[in-house]
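Hi,

Here is the structure I said I would pass on.

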Amino acid sequence: MNQVTTELASHFLDTGPLLCLGLSTKATGGLVIADYYDAEFLCDARVVEAVAAELARQASEQLRPGDSKMKGHRKKAAGAAKYRYKSLLESAVARPSPAPADLEQIEKALTELAKLKSPGNTSGPEKHKGEAESIHWAAGEKASLVACDNDARRVAKYKNVPSATFVEVVRRVGRRRKDVTTSALYDSLQAIAVAGIDIGERLTSPLDLT
Amino acid sequence: MNTKRPFVLIIDDDAGQEAFALSLGQLGVEALHTLPDDIKAVDLARADLVLVDEFITDWNARETVKDQPGLFVRDGIALSGVLRAGLEGRGPSMEVRPSPSKAAIVLRTGHLDFLAAGTPTFMRPMAVAGRHDLEWVAEKQSTPAASFAALATAAASLPETWDPSAPTAQLQWLQLADTAWRDRALSQIEQCRPPWSALAATSAGRQWLAWFLQKILPFPTFLIDDLRAAAFLGLTQEGLQALMDGSSGIAQDLAACLYIGQLSEFAGRRWWRAGIASLRQEVLAEMNDGDSVDIASRLTKLHGADLAILAVSNPVFPIDGDYRTITEAVEIEDAVRLQPDGWPIFADTPWLAVSELKNEPELAKLVVLQDRLNFDSDESSDD
């Protein structure tokens, strides 16, 4: 974490960072992190089909009266990301068929980690398809993973796949760009976190972006 | 090596301040109490810290000029301005070339609430000091003598040279050791915009001291208090203390993050943010990533006994109507960001719990625009 680096190179985006990027485009009067991400790193980004499908599902989720505001923010973020990253999502990498043992092993590891965290959790590998496929392809293509989920990054490390949180991607933006201040980046990240979307790391001050 | 004891000049119309001077004398500084009429240029010139009382009612010589507003020094703040000119050797004409003095002037008053009426309690010393070109404003009754001794020592120890490209003396003043996280700490200091070039040089470092007292120590900046340091590690303050009191290797690593530079006890214990963040990072790396709860569990294991865990996954600390930090953490998505006057942009964001928006109408006015819109708007997607 937090290596002094400006590079990202070839990477697979999980759903979390896409939600962050999507919501950043909805910033009111603030800095749009997605503009900087796109300029610096989008050319090296890829997504897997399961992530594209999860994003589409969240974007089309029907909100009911009484649903949490956070759910509304997620839907908004997913919709914005779906629109902004249309071509990236359309060229999503398909799930290999039949699923190789390696992929199933990753899915199993993610499911077990989730159960460890909340013992009552009965969700199966379906819930972790996006992360699992991203790690699988990243391992095969010597790419990295951008994910906000701790478990995904943990399994990625186990598979020797370098990973970064969304905050770490933004740190790289800060180091590469002279036209944006750390404070502005911090404000935009906090706007996303306040909306209930995981940015992958706890920040309390612009100083945490150093 | 300079063995001269820092000198404190106390200007107060209360004869009882002799005892205060004596108590300072027992804390490693030299102190002299004087009545306003008796201030001597030689004492002023050698002062490292000048403590000025605000309401000076017993001042006979002043009464003789009470019909001459240009001569009538109304209060301690006005006297501070006069003394500052004296310290710097300004005036009476341009023929006298002023020279900056690093002596700090601190208003010592029992009436801060009166002086800063309408200002939230937490911000009062910084607000009054900033407004009147004072290094600090201290409450007479509640500020321990040791704090004044520390101030005098800090002022006396200000570096002589001010070059941001070679801030060796400044980093010595802060006692920033040669640790693995030193560069990160240095970068964080820089982000806090220290006046360490022209402003510091032309004020003999006085601006640096004012910045440190008014913008750094009171707020979570490159130095953080126990509450924030503990939260970085997923612990409560009690948990942090227990970890600190232990004899594990992690306790030693933690001790290395303690701020021991000038004024280290002035506002309570402080930690290097970069040090604590690096410690957190190391623990995370050892356990192959995780969240605050995982870090706390890991620290508990390393400590060898239970530690009080914060149990808030993304903790932020709200402030109350007086801008004082509420020590109970809330989840970030249950809070909104505030933008109070005078709060440094580089400091930790102050927060208000969403549940308090209606109970704290004055704070609710300070919610940043983005968060206000988030919580006011219809949440349905517009895509």
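Let me start with a helix pair in chain B: the axes of helix H15 (residues 273-286) of chain B and helix H16 (residues 292-303) of chain B come within 10 Å and cross at roughly 85°. Axes here are lines fitted to C-alpha atoms, for helices over the stretch in contact, with angles from 0 to 180 degrees between N-to-C directions. H15(B) and H16(B) are therefore roughly perpendicular to each other (65 to 115 degrees; under 35 is roughly parallel, over 145 roughly antiparallel, and the rest oblique). On the H15(B) side the contact (heavy atoms within 4.5 Å) is made by B:Arg280, B:Val283, B:Leu284 and B:Glu286, and on the H16(B) side by B:Ser292, B:Ile295, B:Arg298, B:Leu299 and B:Leu302. Five of these residues are nonpolar, one is polar and three are charged (nonpolar is Ala, Val, Leu, Ile, Met, Phe, Trp, Tyr, Cys and Pro; charged is Asp, Glu, Lys and Arg; polar is the others, Gly among them).

Before going on, the ground rules: this is a predicted model, where local features need pLDDT of at least 70 and side-chain atom pairs count only at pLDDT 80 or more, while totals for chains, interfaces and linings use all residues. Residues are numbered from 1 along each chain as its sequence is written, chains are lettered from A and ligands numbered from 1 in the order in which they are written, and side-chain values use heavy atoms, leaving out hydrogens and water. Helices (H or I, at least four residues) and strands (E, at least two) are DSSP runs, numbered from the N terminus.

Also in chain B, helix H6 (residues 124-131) has B:Arg124, B:Pro125, B:Met126, B:Val128 and B:Ala129 buried (under 20% relative accessible area, with exposed over 50% and partly exposed in between; 1.4 Å probe, protein chains only). They pack against helix H5 (112-115), strand S5 (136-139) and helix H11 (206-216) of chain B. Just after H6(B), B:Asp133 has a positive phi of about 55°.

Over in chain A there is an open sheet of four strands, ordered S2-S1-S3-S4 with parallel pairing (pairing needs at least two DSSP bridges). S4(A) pairs with strand S3 (residues 144-146) of chain A over two bridges, and A:Val146 stands opposite A:Ala164.

And the cysteines? There are zero disulfides over all chains (cysteine sulfur pairs within 2.5 Å). A:Cys148 is buried at 4% relative accessible area, but its sulfur is 4.3 Å from the closest cysteine sulfur, in A:Cys20, too far for a bond. B:Cys257 is buried at 2%, and its sulfur is 17 Å from the closest cysteine sulfur, in B:Cys192, also too far.

Cheers
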